[in-house]
Amino acid sequence: MKINRFMIAAPKSGSGKTMITCALLQLLKDSGKNVLSYKCGPDYIDPMFHKKVLGVPSKNLDTFFSDEKTTVQLFLEERADGDFAVLEGVMGLYDGLGGIYEQGSSYHLAKVTQTPIILVVDAKGMGKSVLALIAGFLQYDTHHLIKGVLLNRMSKGYYDIIKPLIEKELSVKVVGYFPEQKDIGLSSRHLGLVMPDELSDIKNQLNETADRLKKTIDMDLFMDIAEAADEIGDSENADVYNEKNIGNCDQNEFSQNKAINTVNIAVAMDEAFCFYYEDNLRMLEKCGAQLLYFSPLHDTSLPEDCDAMLLGGGYPELYAKELSKNVSMLNAIKKAFRAGMPTVAECGGFMYLHTYIHNICDDTDEQNKAYEQNKADTQNDVSVSQLVGALDGGCHFKGKLVRFGYIELAEKHSNFLPPNEKIKAHEFHYYDSTDNGADCIATKPVTGRSYDCVISHDNYWLGFPHLYYPSNPHFAESLVRKAYEYRRNKNGKLL
């Protein structure tokens, strides 16, 4: 398949990748290209900017979560010849597992998908030293994927001096520069960027960024690099969701009654709960589920006739006051959970099921000030908020990362996964629970360190880890099957 593409990567975090990526997506969209985007790694928020603000289809790709063949299949899923793809890197170009392995890095993803790289270098405060930095990255580029360099936070005057030196001494194209922008930028908080719904003027900011970037880059050179990308994969085999891959999601073995042969999964989706991997949702649909989106913040009840609940991550702590006031929804979720409705709750969704969230850190005043700064743009003025109460105890703000990074999860007793199988996941949270569960064993892929976590029983899986279903499609299959069983029981059918 011929997909025009390039990756925006950088030597380190904070180099301006997201702002540059969003501006380029806007310029490509304005030019009439059928543009789409991918985010390297487990980040949820950057794809939201691509989708919600720019209207560009976006999803995650991660070479730790999926092997190389599956990564290519996920890349090609529902794509067509002539599409234009922009991949946004994560951290530094070569930073993978444990900060030292290639797997999980932007470079590994570029290599697997045969994608040319544009290296965005934050050049503020640098002179000719920028050549040494670029030279080092080129030397590490054993597959010769770096095809261009963009100099961020550089003046036009110095750009005119340094550009010919870079191209002469390093034999790499300089695709442009971008002066420092003091009046536009993306704010951040403890889990990453502030979400797009919280920025009232974000669309105008990104349009202005795109207009400014257009004046300082060689867009034709970007296009040439993208169009020179090799064909990739075999489009006839580019369906990671087919029956062979996802197991035995054969709906024909269920009741032939149409009303029974469709299951509905209620998916929490609003300002407080919005962290979902696109491929997780797609896999549930391919297994036979219809996804019914609802808002724990604004709705008063669950969607009608739902057979399972999926409560994803997000920022419930920033909306704890509003969530606690929506008593009708709290009661509806608690009632459904206690009635045995299959439920998967991750991170923020897991926190929501507790009896309370305590937002003030008990450790130090300095940490409390940091938290107050992070939530300063919300109207949440309570320290303890009563929530669903399906789980005893509560979640407490710790003022620092509690657990962070990739893990592999295995159930001690098979409920959602076949015996002796694992599913890959990622953790990133500043809160901790009074009961994190002990039904699964989490193992760190680099150090081998392990610990107990997750509350997992026949019809629910609750915990802080964010799961990636394509790493073990049986998980999605199990949730849908449990929903079928629940629906049969609900309709008076004997199993």
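Me: Which residues of H5 are buried?

Reply: In this predicted model, Val130, Leu131, Ile134 and Phe137 are the buried ones in H5. To be called that, a residue needs under 20% relative accessible area.

Me: What makes these buried residues line one face of the helix?

Reply: Look down the axis of H5: the buried residues fall within an arc of 130 degrees, so they sit along one face. An α-helix has 3.6 residues a turn, so residues three or four places apart point the same way. On the other side of H5 you'll find Ala132, Gln139 and Tyr140, which are exposed; that label takes over 50%.

Me: What covers the buried residues of H5?

Reply: The cover includes strand S5 (117–122), strand S6 (146–152) and helix H6 (156–170).

Me: Which residues touch the most other members of the largest nonpolar core?

Reply: Among them are Phe6, Leu151 and Tyr352, in a core of 157 residues. Helix H1 (residues 17–30) gives the most to this core, with eight residues. Both domain 1 (4–228) and domain 2 (263–491) supply at least three residues each.

Me: Where is the pLDDT below 50?

Reply: Residues 189–193 are one such stretch, and residues 250–260 are another. Where pLDDT is low, the predicted coordinates should not be read in detail. The protein averages a pLDDT of 88.

Technical notes
Residues are numbered from 1 along each chain as its sequence is written. This is a predicted model: local features need pLDDT of at least 70, side-chain atom pairs count only at pLDDT 80 or more; totals for chains, interfaces and linings use all residues. Side-chain values use heavy atoms; hydrogens and water are left out. pLDDT is the predictor's confidence in each residue, from 0 to 100. Contact means heavy atoms within 4.5 Å. A nonpolar core is a set of buried Ala, Val, Leu, Ile, Met, Phe, Trp, Tyr and Cys residues joined through side-chain atoms within 4.5 Å. Buried means under 20% relative accessible area, exposed over 50%, partly exposed in between (1.4 Å probe, protein chains only). Helices (H or I, at least four residues) and strands (E, at least two) are DSSP runs, numbered from the N terminus. Domain bounds come from an automatic or database domain assignment. The arc is that of the directions from the helix axis to the C-beta atoms.
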